[in-house]
Structure formats: C-alpha cells, structure tokens
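Dear colleague,

Please find below the structure that I am handing over to you. My notes on what was found in it follow directly after.

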Amino acid sequence: MTSLAQRLAITGEPSYVSSPTATSVQFLVHTRLLPSGALSCTRVLVDPTGIHDVEFDESSRTKLRAEFERVLRELKVRMVPAPQDYVAARIHAAMATHALAGKTHTPSVQRALGLIAKPDGPVAHPTQVLSPVPDAAARVERSIALHTEPELNPILPTKEEIDAVGDYVSKHTAASDEPVVTVGFVDPTLKALREAMNVACTRATLDRLALQLRDTALVFANTRRPELALDAVAVADALDVAGEGGAAPDRVPFVFGLFYKFALVQREYSKAQGAAK
C-alpha cells in the first residue's frame, strides 16, 4: 500500500506553508532554485483579507531550516513543505483578494510578488490526493478531538461569526434560559446555538476552515501523525459539501466544538464579571 508520505511527495524544490494562527494569519514562502544553488525566497504574510507583509531575499536550505525553527519556537507556528505551484497559487489568490479590496503595494513589494509566476489554471491542495479518506464518517464524528491538537487549538471563529451567533442566540432565547444537560431534554440555549452556527457558517467560513484543516493535515503528515492528517482531510471534505447536500455545519463536530468552546469561555467570563459587581 502506498504510504501517506509517498502520496504527498513533492517533485522538485519545495515551497512552504504554515499552520494557521488564531487570527487566520499564515506564512507562505515561495522558493526558486537559482543557477548559483541559492534559493530565491519570497515570504508572504496573508490572511483571508489579503496580504500583510512581503519580504524577498536569497537564502539556503540551512538558513531556511534555522528560520523555521525560530518561527516555531517564538510564534508556535510550524512551516511545512508544499509544491511550488500550489504556494504560488495561494499567493496569487491573496494578491487578487488584496486588489479587490482596493489595496495597493509599494513598488518593492510589487517587484517581489512579480517574481512569482502565476500557475496556468486552478491548482488543487496537495492533500486532495488523500480524498476520499477511509472511514471518513467515523473520522468526522470524532473530529471535536482535533481541537486538542496544538496546531488547531488556536483557531477561533472570526469577530463577524461570533457577533452573528451572539445576535441570533440573544434573539431566540430568554434571559432565564440556562443550559441543562439532561438526556432527552432539548436545551433551548443549545438549540439556538446550533441554529446560530448554521447562520454564521457562510460558504466563506466553511471554505476558510476547510483550507486551514488541509494545511494542518500537511503539518500532521510532516510530523508523523498520519491518522490525524486523514482526520483533518475527512473533516475538510465534509465542510466542502456542508449545507449543500451534506450535513448542516453544526452537525460537523469540529465546527460545533469551534463555537461551543468560545461560548463556554464567554459564559464563564460573563459570570465572573457579574460576580465581581
């Protein structure tokens, strides 16, 4: 049987993507091997709204490894290899989002980004080769456990998603409603929370989460956690069809856990604030 590492093997000089952060910021490093043997490196800091920073220089594999170790140590973000054309496609997508928002770059940044050739046509995420995942349904069912992994634990809903959930829950529950854990009893707050998740989880939300899961699957694969990599891909596949013939977003345990852990923290904070008055 072909191993997961073999299925994700990269041809040629790799570029790099990072695991996601709590603010959905990621590091992308596009590399090109120069005739001198040095690496032409364009480092791009992105989030779903566009590009935040760009740096360009020539480096080496040794220097890159040291840089990535420092990023992991100081920022708790892990960099892993990905195909060059895929990273180029991600950077060009971020450039398009940036331009659509009416944002511009300095001439030096424009020159650095101009060195990255735009791929011909769409480029699939490297982990797409792992789909369909064996035992996908069981993997999705246990996916709430993925929140305990350091690479996924920082992921939180956006402010807009949190506000959408909060507004919906406040309009559909009474002030006296308290969560009750009782077999067979429909907790009104929990019911409203689930409904609110489905309102807040737009297609853009689901696409963002699926991408973060696929990038993290690369991290799992590169740190010898193949089962977790397959779990992450299975959930990403489920999010691709959630609400469009697939399960509603709130029925994907990973999504439920994302909002529920925030709701619990917020509730405890509110209680503490009330007790302090």
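In this predicted model, five strands make up an open sheet, arranged in the order β4-β3-β2-β1-β5 with antiparallel pairing. The two edge positions are taken by β4 (50-59) and β5 (79-82); each of them has a single partner strand, so one side of each is left without a neighbour in the sheet. On average, and with direction ignored, neighbouring strands of the sheet are turned by 20° against each other.

Strand β2, which covers residues 26-33, runs antiparallel to strand β3, residues 39-47, and eight bridges join the two. Within this pairing, Q26 has V46 of β3 standing opposite.

Two helices should be noted together with the sheet. Helix α4, made up of residues 107-114, lies across β3 and β4 and runs at about 70° to β4. Helix α8, made up of residues 203-222, lies across β1 (15-18), β2 and β5, and its direction is at about 100° to β5.

Two loop residues were also examined. The loop between β1 and β2 contains T21. Is T21 buried or exposed? With a relative accessibility of 17%, T21 counts as buried, because the cut-off for that class is under 20%. A polar atom of the T21 side chain lies 3.1 Å from the backbone nitrogen of V25. When neighbours within four places in sequence are left aside, T21 is in contact with V77 and P154.

The second residue, K118, is located in the loop between α4 and α5 (136-141). K118 has a relative accessible area of 62% and is therefore exposed, the cut-off for that class being over 50%. Along the chain, K118 and A93 are 25 residues apart, and their C-alpha atoms are separated by 9.6 Å.

Finally, I turn to the aromatic rings. How many aromatic pairs does the structure hold? There is one such pair.

Yours sincerely,
A colleague

How values were computed
Residues numbered from 1 in each chain as written. Predicted model: local features only at pLDDT ≥ 70, side-chain atom pairs only at ≥ 80, totals over all residues. Heavy atoms only, no water. Phe/Tyr/Trp six-rings, centres within 6.5 Å; stacked < 30°, edge-to-face > 60°. Pairing = 2+ DSSP bridges. Helix = DSSP H or I, 4+ residues; strand = E, 2+ residues; numbered from the N terminus. Axes fitted to C-alpha atoms, helices over the stretch in contact; angles between N-to-C directions. Contact = heavy atoms within 4.5 Å. Buried < 20%, exposed > 50% of the residue type's maximum accessible area, 1.4 Å probe, protein only. Polar contact = N/O pair within 3.5 Å; in protein donor to acceptor, adjacent residues only side chain to side chain.
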